[in-house]
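Here are a few exercises to work through with the model open beside you. Try each task before you read its solution.

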Amino acid sequence: MEKAFLIKYGEIALKGKNRRTFEEALVKQIKFALKDVGEFEVTHPQGRVFVEALGDFDMDEAMEALQHVFGIVAICPAVLTEDTGFDDLAKEIVEYVGKVYPNPSFTFKVDSRRSRKNYPLNSMELNAAIGEKLLEAYPNIKVDVHKPEVMLHVEIRERINYYCKEVFGPGGMPVGTSGRAMLLLSGGIDSPVAGYMIAKRGVTIDATYFHAPPYTSERAKQKVVDLAAQVSKYAGPIRLHIVNFTDIQLYIYEQCPHEELTIIMRRYMMKIAEHFAKENGDLGLITGESIGQVASQTMQSLECTNAVCTLPVYRPLIGMDKQEIIERSEKIGTYETSILPFEDCCTIFVAKHPVTKPRLSVIENSEKKLAEKIDELMDVAISTTETITVTP
């Protein structure tokens, strides 16, 4: 049966002279995804990526691993074989179809491609000849060239490959091809999805989490680590900075108007996240904000939080509604962890009536009350930050 996979990619094919670089990045990510599944050889000859098993492996486990690799559009369990003549090839394909579909009864079409032009049969002749052999072997199957139930693909290259099943991959671009960015990761539904969506565009993800003991528990912290691990199935290892934010939050709570608490706390979170972003060589910040979802995500509030940043802030969920975000979180496997009842620091110090249309000048004036201690508190928070590398 199948001991190899033909990997199909999408946007990479449009990269022109840079295409080889993107293919190599995809190969690297495939090798990383399969490292605990078995021993595989990954090659990318002439616009194709092949993954060939060098020993025993679990097909379902390999498929699941490949379905987490950004850049893959489709995964095709395939047979790779040497060219020993058409009769041998036809015999192999007939046996293959019988193993994949015991007691076959379906409509089918053969789709052949002859990349090696010295092969004695052209594509149309191959289609007809292979189809004839299949019809002779299995009387309950029929040809349907318009809407076949089974599509048998055969490609004649230096080695011949054939397959008849195709599983969708996540698409996007290989991680590592688009720089790095810092994700502000909370224990909620939105931020893990935001990290996933930016990673899908080829960005390597770092993350910062703001912890507020004793107001937030160790289980809340573990929840965020678990979310980072789930995102890392797609994004690769994530460097997670765990910041003790308690003293800063309490100081803001003591000194500033309570209706402005969320905005001012958010601004200091952005400042600290940006510190680590610059330290890591990240090119931007990522948040899970969506316009109007909560008081801190109105247009006026976003203007106030943006004002403290010198790096660009990427908000991939900005135009999505909550149900769309939930559906995406369910798809990527973070939803059940996100809804665990362990509160993060963003929900502990929420004002009863937060301002929804803050003015930047007013917020900056309120922050003047923090001048005496805030720099010292930020230095302590940064210097005591715990940094861990999270993997699946």
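**Exercise 1: the cavity**

By the rule used here, there is 1 cavity of 30 Å³ or more. This is a predicted model, where local features need pLDDT of at least 70, side-chain atom pairs count only at pLDDT 80 or more, and totals for chains, interfaces and linings use all residues. Residues are numbered from 1 along each chain as its sequence is written, and side-chain values use heavy atoms, with hydrogens and water left out.

Task: which residues line the largest cavity, and how do they divide by class?

Solution. Start with the term: on a 1 Å grid over the protein atoms alone, a cavity is a set of points where a 1.4 Å probe fits but cannot get out, and lining residues have an atom within 4 Å of a point. Next, the volume, meaning the space filled by probe spheres set on the points (joined across faces, edges and corners), is about 50 Å³ for the largest cavity. Now pick out its lining: Val97, Tyr101, Phe106, Phe108, Leu134, Ile141, Val150, Leu152 and Cys164. Finally, sort them: 9 are nonpolar, with no polar and no charged residues. Here Ala, Val, Leu, Ile, Met, Phe, Trp, Tyr, Cys and Pro count as nonpolar, Asp, Glu, Lys and Arg as charged, and the others, Gly among them, as polar.

**Exercise 2: H3 and H4**

Task: how do helix H3 and helix H4 cross, and which residues meet?

Solution. Find H3 at residues 86-100 and H4 at residues 123-137; helices are DSSP runs (H or I, at least four residues), numbered from the N terminus. Their axes come within 10 Å and cross at roughly 50 degrees. Axes are lines fitted to C-alpha atoms, for helices over the stretch in contact, and angles run from 0 to 180 degrees between N-to-C directions. H3 and H4 are therefore oblique to each other (under 35 degrees is roughly parallel, over 145 roughly antiparallel, 65 to 115 roughly perpendicular, and the rest oblique). Then look at the contact, meaning heavy atoms within 4.5 Å: Phe86, Ala90, Ile93, Val94 and Val97 of H3 meet Leu126, Ala129, Ile130, Lys133, Leu134 and Ala137 of H4. By class, that contact has 10 nonpolar, no polar and 1 charged.

**Exercise 3: H7 and H14**

Task: at what angle do helix H7 and helix H14 pack?

Solution. H7 (residues 246-255) and H14 (residues 374-383) pack at about 160 degrees, with axes 9 Å apart. They are therefore roughly antiparallel to each other. Asp247, Ile248 and Tyr251 of H7 make the contact with Ile374, Leu377, Met378 and Ala381 of H14.

Technical notes:
1 Å grid on protein atoms, 1.4 Å probe; cavity = no way out; pocket = protein on both sides within 12 Å on 5 of 7 lines; lining within 4 Å. Helix = DSSP H or I, 4+ residues; strand = E, 2+ residues; numbered from the N terminus.
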